[in-house]
Amino acid sequence: MNNLTAHFTLEEMTVSQTAARSEIDNTPSKREIEALRLLCVNVLEPLRMSLGVPVIVSSGYRSPRLNRLVGGSANSQHMKGEAADIHVNSLSIQALFEAIRDSNLPYDQLIQEFDSWVHVSFSNRNRRQAIYAYHDKRGNVRFGTEKPG
Ligand SMILES: [Zn+2]
């Protein structure tokens, strides 16, 4: 068990069912591990402490090959170890999104994705950009600052 912070392990920040199924090596480098640690120290651990309930990571680090396989964007921060997709069992996705957006956490990008998970990143920029990802009527992925529909 390699703990990055009190409540987050390197394992949970790198494990991927898709990688296992496709026999993809999803081992991060030292630099990416350090980025994952900073994401946990600055965002995920303080979030977990303020919510008082487990924050579940469905996707953290992604090797370029894994990122392609799961349809991640070409410059996804997941590939740098700077982003995690999360949810919390006792909160809706919208409520979790608002909890982070309205906090003082130094996040870079916060995306409420399809009412299914929250993407949050930490980098040396930390723009505190909070947006929605959704499908338009044609099924294309769109991003916006307002919740659609
Ligand atoms: Zn993501």
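Me: Let's start with a pairing. Which residue stands opposite Arg142 in E8?

Reply: Tyr134 does. Keep in mind that this is a predicted model. The pair belongs to E7 and strand E8 (residues 141-144), which are joined by four bridges and run antiparallel.

Me: What is the strand order of the whole sheet?

Reply: A handy general idea first: in a regular strand the side chains alternate between the two faces of the sheet. Here the sheet is open, with six strands in the order E3-E4-E6-E5-E7-E8 and mixed pairing. Strand E3 (56-59) and E8 are the edge strands, each pairing on one side only. On average, neighbouring strands are turned by 30 degrees against each other, direction ignored.

Me: Now the core. Which residues touch the most other members of the largest nonpolar core?

Reply: In soluble globular proteins, nonpolar side chains tend to be buried together. In this model the largest nonpolar core has 25 residues, and Leu39, Leu44, Ala84, Ile100, Val118 and Val120 touch the most other members. Two or more residues come from each of helix H3 (30-51), strand E4 (83-87), helix H5 (93-101) and strand E6 (117-121). H3 gives the most, with seven residues.

Me: How do I read a helix like H3? Which of its residues are buried?

Reply: An α-helix has 3.6 residues a turn, so residues three or four places apart point the same way. The buried residues of H3 are Glu32, Ala35, Leu36, Leu39, Cys40, Val43, Leu44 and Leu47. What covers them includes strand E1 (3-5), strand E2 (8-9), helix H1 (10-14), E4, H5 and E6.

Me: How many degrees is the kink in H3, and where is it centred?

Reply: About 45 degrees, centred on Cys40. Even so, the 22 residues of H3 reach 30 Å from first C-alpha to last, close to the 32 Å expected at 1.5 Å a residue. Just after H3, Gly52 takes a positive phi of about 75 degrees.

Me: Which residues other than glycine have a positive phi?

Reply: Glu23 is one of them, with phi near 55 degrees. Glu23 sits in the loop between helix H2 (17-21) and H3. Asn126 is another case, at about 50 degrees, in the loop between E6 and strand E7 (129-135).

Me: Why is Glu23 called exposed, and why does Asn126 count as partly exposed?

Reply: Count C-beta neighbours within 10 Å: 12 or fewer means exposed, 20 or more means buried, and in between is partly exposed. Glu23 is exposed because 6 other C-beta atoms lie within 10 Å. Asn126 has 15 such neighbours, so it counts as partly exposed.

Note on methods
Residues are numbered from 1 along each chain as its sequence is written. This is a predicted model: local features need pLDDT of at least 70, side-chain atom pairs count only at pLDDT 80 or more; totals for chains, interfaces and linings use all residues. A nonpolar core is a set of buried Ala, Val, Leu, Ile, Met, Phe, Trp, Tyr and Cys residues joined through C-beta atoms within 7 Å. The expected span of a helix is 1.5 Å times one less than its number of residues. The bend at a residue is the angle between axes fitted to the seven residues ending there and the seven starting there. Two residues are in contact if their C-beta atoms, placed from the backbone, lie within 7 Å. Two strands pair if DSSP finds at least two bridges between them. Axes are lines fitted to C-alpha atoms, for helices over the stretch in contact, and angles run from 0 to 180 degrees between N-to-C directions.
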